[in-house]
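Please consult the sequence and structure shown here while reading.

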Amino acid sequence: MNPQYSPKYSGHMKTIRWGILGCGDVTERKSGPAFQQAEGSSLVAVMRRNGELAKDYAARHGVPKCYASAQALLDDSEVDAVYIATPPYAHLPLALACAKARKPTCVEKPMALNHEECRQMVEAFKQSDTPLFVSYYRRSLPRFLAIKAAIDEGQIGLVRMVNIHIRKPILEEERHSERLPWRVRPELSGGGRFVDLASHTLDFLDFALGPITQATGISKNLAGLYPAEDSVVASFAFESGVVGAGSWTFVAADRADRVEIIGSQGSIAFSTFGDDPVELLAGGVAHSLRIANPDPIQLPHVQNLVDELLGRGRCPSTGETGARTNWVMDRILGGSV
């Protein structure tokens, strides 16, 4: 966000009225209800290209307005801010339209198809002096804030290394080439399940340890089920000098989800997607930290969005931080940056 931005709504408004562009699955459970439940927030409009589906969503969720056109929603003077929840291929054009309309905007992750698109988005919002955020909501979750606090407090000493390992089985819908889900179609998603899921882990590490400034990787399509990568290995280094490695495969027989941050006096291990206890080894003593996620899970993130727009807080997931995560994934997958 432009550091010179002065909250537009503080002082004379107590509620941010949101409109959603693209009310798909993520808005049903994780985010849509959060925009209705956060203090100082209301969801007043939704848009889908299929007007009947937009109407159905609005009726089921008690949203007063629905549109079949993005521009119609943006032209609504009662919509103060916008949440873009489409697949990534539509993020850039919709974000540019939001910037032109000077509507503060939160974009679903990954932020765009690649870093160059992210850069264009950041620049457009900077030029319009309008806030841009990204829905990397782990930056606001109590579970991940506790992990960051343990690191910041020096409980594991000086951080030396990070290891990531995630493996998942093939999804049934990925076995049908004639109707592949958008998440494994690079022209729609920017890659495969690596881009969709690894982005969460890499973004949290940026939050907890600072920017990753070097990254490389090898990506392969081992099962041949879809055009995107299904297996990735990577090495990376942070601005601080901390080094890391990761492996992701989405054609395994079982599941694993583990991130380990190794320090000079201990370690902290956790899952990115599960809610199993965080394992903290500090000074030779093992601790198990169970911290439940809120329901809906994006509620703390949305509250931070609203608080920043009302001038009473900050949201830690911005266009600049979201763009950095795309930069890292571009480097790992060998794309241009």
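## Cis peptide bonds

Pro-110 lies in the loop between E5 and helix H6 (115-127); helices (H or I, at least four residues) and strands (E, at least two) are DSSP runs, numbered from the N terminus. The peptide bond joining Lys-109 and Pro-110 is cis, with omega of about -15°. A cis bond also joins Asp-295 and Pro-296, where omega is about 5°. Pro-296 is placed in the loop between E14 and H10.

The model is predicted: local features need pLDDT of at least 70, side-chain atom pairs count only at pLDDT 80 or more, and totals for chains, interfaces and linings use all residues. Residues are numbered from 1 along each chain as its sequence is written, and side-chain values use heavy atoms, with hydrogens and water left out.

## Positive phi values

Most residues other than glycine have a negative phi, and most peptide bonds are trans. Arg-102, in the loop between H5 and E5, has a positive phi near 60°. Its relative accessible area is 45%, so Arg-102 counts as partly exposed (buried means under 20% relative accessible area, exposed over 50%, partly exposed in between; 1.4 Å probe, protein chains only).

Asp-129 likewise has a positive phi, about 55°, although it is not a glycine. This residue is found in the loop between H6 and E6, and Asp-129 is partly exposed at 27% relative accessibility.

E1 runs parallel to E2, joined by six bridges, and parallel to E4, joined by four. Leu-21 has Met-47 as its bridge partner in E2 and Ile-84 as its partner in E4. Ile-84 in turn has Val-107 as its bridge partner in E5.

## The eight-stranded sheet

A further open sheet has eight strands in the order E8-E9-E10-E7-E11-E12-E13-E14, with mixed pairing. Its edge strands are strand E8 (212-220) and strand E14 (285-289). Strand E7 (residues 159-169) and strand E10 (residues 243-252) run parallel, with eight bridges between them; Val-162 stands opposite Gly-244 in E10.

## The largest pocket

The largest pocket holds about 1300 Å³ of space. A pocket is an open set of points on a 1 Å grid over the protein atoms alone, where a 1.4 Å probe fits, with protein on both sides within 12 Å along at least five of seven lines; lining residues have an atom within 4 Å of a point. Grid points are joined across faces, edges and corners, and a volume is the space filled by probe spheres set on the points. Of the 45 lining residues, Asp-25, Val-26, Ala-85, Trp-182 and Arg-183 are the closest to the centre of the pocket.

Methods
Two strands pair if DSSP finds at least two bridges between them.
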